[in-house]
Amino acid sequence: MTTAVAAPFRFFSLRVARTRRLGPSLVRVTFTGEDLQHFFSDGHDQSLSLFLPHPDQREPAVPYELGDGWWQAWRELPDGVRAVMRSYTLRSLRRDPDEIDIDFVLHTPAGPASRWAARACAGDRVVLLGPAVADNRAIRFRPPEDTDLTVIWGDETALPAVSAILESLPADARVRVWLEVHDAGDIQDLATEADAEITWLIEDEDRVEGSPMALDALRDAQLPSAERPYVWIAGESGCVKALRRHFVRERGIDRRRVTFVGYWRQGMTEEQLRAAE
């Protein structure tokens with residue numbers, strides 16, 4: 001059953017088709033289901049809400065049959081019953097057959113989504129809240145047409161979006177990218193036709209939590225000259241805000257040409273983050 005909620009978004013009942021380990025900290029889960037015929041997205045950083053079951057459940061408890069009343073009803077479910085909700089970015093969408101890929105970061109200690117992804121196998125059921133129209137407000141990467149340099153930073157949670165963005169860029173696009181990962185084994189060969197320079201930052205285990213490795217790397221970087229640059233930053237919200245200040249205040253880039261998205265916040269679960277909003 002597919003139910004419309006706050007169009008252009010709707011619920012999709014899906015199942016796992018297969019999984020593939022991408023690195024020590026990354027696993028790709030491929031989902032399929034008849035509902036995907038109604039899933040459309042032209043974005044390259046398409047945000048999704050994924051609902052996962054608890055270990056003792058066959059499928060996630062999401063009262064989407066209530067239409068617009070699902071949110072309140074879902075929140076009122078007992079903690080051990082209410083489906084785990086996490087935000088992810090679409091990695092890819094394919095047709096014939098209809099499939100989507102979502103990449104998960106595996107943590108230690110593992111949270112509920114990380115545990116689920118590490119054990120996911122074919123046939124496992126999930127519920128997805130995603131787009132029913134190709135151009136929707138959950139797409140944030142929108143460089144102006146006159147952009148002459150694209151600058152990107154992301155941590156591992158942004159890697160799926162960055163990969164899709166790079167694949168979409170034409171050969172005449174100039175791009176400078178910084179990607180921060182937990183382990184050197186998580187580095188991937190990213191396909192692009194663009195004039196792209198990609199710098200990988202490997203987290204130091206001895207680094208003090210929250211230290212500005214990304215900010216230091218960007219401050220030391222010599223960017224190509226550009227009259228109309230566009231910046232896209234996504235990942236841990238504190239780091240994202242610091243980098244936005246750097247680009248706007250220190251580099252003088254028009255704030256209207258800087259897109260910044262906090263995918264997560266250090267020291268907070270997604271439930272805590274949503275409660276604080």
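In which loop is proline 97 found? In this predicted model, proline 97 lies in the loop between strand S5 (84-94) and strand S6 (99-105). The legends below begin with that loop.

**Figure 1. The cis peptide bond between aspartate 96 and proline 97.** The bond that joins aspartate 96 and proline 97 is cis, with omega at about 5°. Aspartate 96 is found, like proline 97, in the loop between S5 and S6. Its phi is positive, at about 50°, although aspartate 96 is not a glycine. Most residues other than glycine have a negative phi, and most peptide bonds are trans. Aspartate 96 has a relative accessible area of 75% and is therefore exposed, the cut-off being over 50%.

**Figure 2. The salt-bridge network of Arg18, Arg94, Glu99 and Asp101.** These four residues, Arg18, Arg94, Glu99 and Asp101, are linked in a network of salt bridges. Within the view, aspartate 101 forms a salt bridge with arginine 94, and the closest N and O atoms are 2.7 Å apart. Aspartate 101 is buried, at a relative accessible area of 5%, whereas arginine 94 is partly exposed, at 28%. Side chains of opposite charge can pair when their charged atoms come close.

**Figure 3. Two further salt bridges, aspartate 79 with arginine 82 and arginine 256 with aspartate 254.** A search of the whole structure finds 14 salt bridges. In the one between aspartate 79 and arginine 82, the closest N and O atoms are 2.8 Å apart. Aspartate 79 counts as exposed, at 59% relative accessibility, while arginine 82 is buried, with a relative accessible area of 18%. The side chains of arginine 256 and aspartate 254 also meet in a salt bridge, at 2.8 Å from N to O. Here arginine 256 is exposed, at 73% relative accessibility, and aspartate 254 is partly exposed, at 30%.

**Figure 4. The aromatic cluster that contains phenylalanine 11.** The structure holds 13 aromatic pairs. One of them is formed by phenylalanine 11 and phenylalanine 51, with 5.9 Å from centre to centre and 50° between the planes, a tilted arrangement. This pair links distant parts of the chain, since phenylalanine 11 is in strand S2 (residues 9-23) and phenylalanine 51 is in strand S4 (residues 47-52), 40 residues apart. Both phenylalanine 11 and phenylalanine 51 are buried. Phenylalanine 11 also pairs with tyrosine 64: the ring centres are 5.2 Å apart and the planes stand at 25°, so the pair is stacked. Phenylalanine 11 in strand S2 and tyrosine 64, in the loop between S4 and helix H1 (70-75), are 53 residues apart, and their pair again links distant parts of the chain. The relative accessibility of phenylalanine 11 is 0%, and tyrosine 64 is buried as well, with a relative accessible area of 14%. One aromatic cluster is formed by Phe11, Phe51, Tyr64, Trp70, Trp71 and Trp74.

**Figure 5. Helix H3, largely enclosed by the rest of the structure.** Helix H3 comprises residues 159-168. Eight of its 10 residues are buried, so the helix is largely enclosed by the rest of the structure. The buried residues of H3 are Leu159, Pro160, Ala161, Val162, Ser163, Ala164, Ile165 and Leu166.

Figure 6. Proline 224 lies in the loop between helix H4 (213-220) and strand S11 (229-236). With a relative accessible area of 23%, proline 224 is partly exposed. Glutamate 236 is in strand S11 and counts as buried, at 12% relative accessibility.

Figure 7. Arginine 249 has its place in helix H5 (residues 237-250). With a relative accessible area of 68%, arginine 249 is exposed.

Note on methods. Residues numbered from 1 in each chain as written. Predicted model: local features only at pLDDT ≥ 70, side-chain atom pairs only at ≥ 80, totals over all residues. Heavy atoms only, no water. Helix = DSSP H or I, 4+ residues; strand = E, 2+ residues; numbered from the N terminus. Buried < 20%, exposed > 50% of the residue type's maximum accessible area, 1.4 Å probe, protein only. Phe/Tyr/Trp six-rings, centres within 6.5 Å; stacked < 30°, edge-to-face > 60°.
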